[in-house]
Structure formats: structure tokens, C-alpha cells
Amino acid sequence: MPPRWASLLLLACCLALLAGRPAAAGPSQPTYPGDDAPVEDLVRFYNDLQQYLNVVTRHRYGRRSSSRALCEDPVGAAGC
């Protein structure tokens, strides 16, 4: 029977190959079409820019909403 670490290494390599290239963390910023671009391209650019800014600047709600939560020890010991 092969050692357990060999099978885990094989599994990790297979998962790394299946994962491929890591995706971007957020949406890509739209590229400006230029000053002499047609009106339709400028309208599309500004619509894409508005959508991009809405995604990038959206509010994030969660447990870390206060600065105190960043300094607390997970087991409840005294602060920073």
C-alpha cells in the first residue's frame, strides 16, 4: 500500500491542475475607447464604468463592522 502522503500529494497536484489560472479578485476596469470614439462606444464605456464602480464601492456588511472586533482575541482574552 503506498504511503498516505503520496496519495495526498497526488490529490493536491490534480486539484492544482484542475484549478488552472487563478481568477481576478474583482471585475476588470473598463478601458476608455478614446476621445474620437463613436457615441455608442462612449455610452457603453460609461455604462460599464458605472457598473464597475457600483461593484467596487458597494457596502460590505459582516461581523467585522467595528474596529474593536479587529483587535479582539478569538477566545475572548483582553484586547490588542
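Biologist: Is Arg 44 buried, partly exposed or exposed, and what is its relative accessible area?

Modeller: This is a predicted model, in which local features need pLDDT of at least 70 and side-chain atom pairs count only at pLDDT 80 or more, while totals for chains, interfaces and linings use all residues. Residues are numbered from 1 along each chain as its sequence is written, and side-chain values use heavy atoms, with hydrogens and water left out. Buried means under 20% relative accessible area, exposed means over 50%, and partly exposed lies in between, with a 1.4 Å probe and protein chains only. Arg 44 is therefore partly exposed, at 48%.

Biologist: Which residue forms a salt bridge with Arg 44?

Modeller: The structure holds one salt bridge (a side-chain nitrogen of Lys or Arg within 4 Å of a carboxyl oxygen of Asp or Glu). The closest N and O atoms are 3.0 Å apart. Both partners lie in helix 2, three residues apart, about one turn of the helix; helices (H or I, at least four residues) and strands (E, at least two) are DSSP runs numbered from the N terminus. The partner of Arg 44 is Asp 41.

Biologist: Which geometry do the rings of Tyr 32 and Phe 45 have?

Modeller: Rings of Phe, Tyr and Trp (its six-membered ring) pair if their centres lie within 6.5 Å; planes under 30 degrees apart count as stacked, over 60 as edge-to-face and the rest as tilted. By this rule there are two aromatic pairs. For Tyr 32 and Phe 45 the centres are 5.3 Å apart and the planes are at 75°, so the pair is edge-to-face.

Biologist: Where in the chain do Tyr 32 and Phe 45 lie?

Modeller: The pair links distant parts of the chain, 13 residues apart. Tyr 32 is in the loop between helix 1 and helix 2 (39-56), and Phe 45 is in helix 2.

Biologist: Which residues are linked by ring pairs into a cluster?

Modeller: The rings of Phe 45 and Tyr 46 have their centres 5.1 Å apart and their planes at 65°, so this pair is edge-to-face. Phe 45 is buried at 10% relative accessibility, whereas Tyr 32 is partly exposed at 43% and Tyr 46 is partly exposed at 46%. The cluster consists of Tyr 32, Phe 45 and Tyr 46.

Biologist: Which residues make the nonpolar surface patch?

Modeller: Patches are made of residues with over 30% relative accessible area and no salt bridge, like charges being joined within 9 Å and nonpolar side chains (Val, Leu, Ile, Met, Phe, Trp, Tyr) within 5 Å. Leu 8, in helix 1 (residues 4-19), has a relative accessible area of 48%. The patch covers about 290 Å², by the Shrake-Rupley method with a 1.4 Å probe, where for residues only the protein chains shown count as cover. Its members are Leu 8, Leu 11 and Leu 15.
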